[in-house]
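Here's a quick briefing to read with the model open beside you. Take the topics in any order you like.

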Amino acid sequence: MAFELPALPYAYEALEPHIDARTMEIHHSKHHNGYTTNLNNAIAGTELEGQPILNLLADMDMNNGALRNNGGGYFNHSLFWEVMSPNGGGEPTGELAEAINAAYGSFEAFKDAFSKAAATRFGSGWAWLCAHEGGKVEVCSSANQDNPLMPGIGCGGAPILGLDVWEHAYYLNYQNRRPDYINAFFSVINWDKVSENFAAVK
Ligand code: MN3
């Protein structure tokens with residue numbers, strides 16, 4: 001019944017040179033593993049034990065710091081690994097491309113908006129591309145391990161693409177150059193997976 005650390009869908013070194021193997025190993029085996037363990041500890045022996053993660057996020061008591069931070073950390077990283085691929089990059093196609101063009105006018109304009117959201121998130125947090133039922137998409141960001149599925153975050157819809165901008169996600173390779181890391185992320189985005197996520201929401 002407990003949450004388990006999901007296996008990465010590729011090797012730690014698979015995203016090099018864009019994201020280095022040491023960062024991936026620490027990020028997955030230490031950080032994500034820690035959120036998973038601490039999420040299980042936060043719900044153990046409570047009525048929340050056994051609830052699906054989407055229910056935990058939607059019904060989140062935002063004053064419950066352990067559940068908020070670790071439930072978000074567990075979910076956000078599970079999404080993050082899946083929306084990257086060594087065969088990623090390029091641009092979305094099909095209905096997702098149409099939705100992005102409808103909202104932003106072009107892929108380049110979307111990339112600018114997403115990159116700005118990621119670069120200007122002060123301190124630690126995430127940048128998101130969210131989708132609404134009906135298919136409208138929008139970019140936003142949230143602090144710490146919050147995400148758009150939690151109450152009152154101010155991002156609409158469900159996240160279909162997420163970028164971790166905590167320093168632990170990039171500091172070994174990029175130091176303070178967060179914009180370079182954001183740009184590199186676009187070389188590994190798994191648009192097929194993001195399209196799947198989009199189809200599931202809309
Ligand atoms: Mn992280």
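Which residues line the largest cavity? They are Ile19, Thr23, Met24, His27, Phe80, Trp81, Ala169 and Tyr181. Keep in mind that this is a predicted model, where local features need pLDDT of at least 70, side-chain atom pairs count only at pLDDT 80 or more, and totals for chains, interfaces and linings use all residues. Residues are numbered from 1 along each chain as its sequence is written, and side-chain values use heavy atoms, with hydrogens and water left out.

**The cavity**
- A cavity here is a set of points, on a 1 Å grid over the protein atoms alone, where a 1.4 Å probe fits but cannot get out, and lining residues have an atom within 4 Å of a point.
- Helix 1 (21-43) and helix 3 (65-82) each give the lining at least two residues, with helix 1 supplying the largest share, three residues.
- By type, the lining splits into six nonpolar, two polar and no charged residues; Ala, Val, Leu, Ile, Met, Phe, Trp, Tyr, Cys and Pro count as nonpolar, Asp, Glu, Lys and Arg as charged, and the others, Gly among them, as polar.

**The manganese site**
- His27 (NE2), His77 (NE2), Asp164 (OD) and His168 (NE2) are the protein donors of the manganese ion, 1.9 to 2.1 Å from it.
- Donors are N, O and S atoms within 2.8 Å of the metal (3.2 Å for Na, K and Ca), and water is not among the atoms, so sites may look incomplete.
- Along the sequence, the donor spacing reads H-x49-H-x86-D-x3-H.
- Asp164 counts as buried because its relative accessibility is 0% (buried means under 20% relative accessible area, with a 1.4 Å probe and protein chains only).

**Around Leu129**
- Leu129 sits in strand 1 (residues 125-131) and, at 0% relative accessibility, also counts as buried.
- Beyond neighbours within four places in sequence, its contacts (heavy atoms within 4.5 Å) include Ile100, Phe110, Phe114 and Val137.

**The whole chain**
- The chain has eight helices and three strands, as DSSP runs numbered from the N terminus (helices H or I, at least four residues; strands E, at least two).
- From the N terminus, the order is α-α-α-α-α-β-β-β-α-α-α.
- Of its 202 residues, 49% count as buried.

Technical notes:
Buried means under 20% relative accessible area, exposed over 50%, partly exposed in between (1.4 Å probe, protein chains only). On a 1 Å grid over the protein atoms alone, a cavity is a set of points where a 1.4 Å probe fits but cannot get out, and a pocket is an open set with protein on both sides within 12 Å along at least five of seven lines; lining residues have an atom within 4 Å of a point.
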